[in-house]
Amino acid sequence: MMTSVDTELIRVLADPLRLKIVNLLARETLCTTHLVEETGAKQTNLSNHLRVLREAGVVETEPCGRFTYYRLRPDVIAQLAGEFADLADPARSSAENKRACP
């Protein structure tokens with residue numbers, strides 16, 4: 001069963017821009033400047049989304065001079081994927097089960 005932490009993480013990842021950021025960070029560690037270029041989002045908007053992702057534990061930061069680099073935490077994504085896989089297994093076997101209406 002999914003926990004409130006999982007549902008919060010799903011809510012965080014449901015935003016299209018945050019999901020795009022996660023997809024970009026899945027391929028490489030990027031700084032805010034790169035993410036602005038790749039997404040076309042305004043820097044302040046992007047920073048707010050990165051803060052949400054960081055607070056949710058999806059990304060971690062690495063200071064580098066005057067820049068901050070962001071990297072995806074694959075363990076968090078893998079855990080969430082595992083939760084969905086755990087839901088899929090009983091769903092496959094319960095496709096034939098139907099509760100009768102009263």
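Predicted model: local features only at pLDDT ≥ 70, side-chain atom pairs only at ≥ 80, totals over all residues.
I looked up the strand order and found S1-S3-S2, an open sheet of 3 strands with antiparallel pairing. I noted S1 (30-31) and S2 (59-64) as the edge strands, each of them pairing on one side only.

Entry 2, the pairs. I went through the two pairings of S3 (residues 67-72) in turn. With S2, I find S3 paired in the antiparallel sense over 6 bridges. In that pair I located Thr-61 opposite Tyr-70 of S3. With S1, the antiparallel pairing runs over 2 bridges. There I see Cys-31 standing opposite Tyr-69 of S3.

I checked the link between S2 and S3 and counted 2 residues between the strands. Gly-65 in this hairpin has a positive phi, near 65 degrees.

I then turned to H2 (residues 16-27) and H3 (residues 32-39), whose axes come within 11 Å and cross at roughly 115 degrees. I recorded the crossing as right-handed. From H2, I listed Leu-17, Lys-20, Ile-21, Leu-24 and Leu-25 in the contact; from H3, I listed Leu-35, Glu-38 and Thr-39. Sorting the residues of this contact by type, I get 5 nonpolar, 1 polar and 2 charged.

Note on methods: Residues numbered from 1 in each chain as written. Heavy atoms only, no water. Axes fitted to C-alpha atoms, helices over the stretch in contact; angles between N-to-C directions. Helix = DSSP H or I, 4+ residues; strand = E, 2+ residues; numbered from the N terminus. Left-handed = near helix turned anticlockwise from the far one by under 90°. Contact = heavy atoms within 4.5 Å. Nonpolar A, V, L, I, M, F, W, Y, C, P; charged D, E, K, R; others polar. Pairing = 2+ DSSP bridges.
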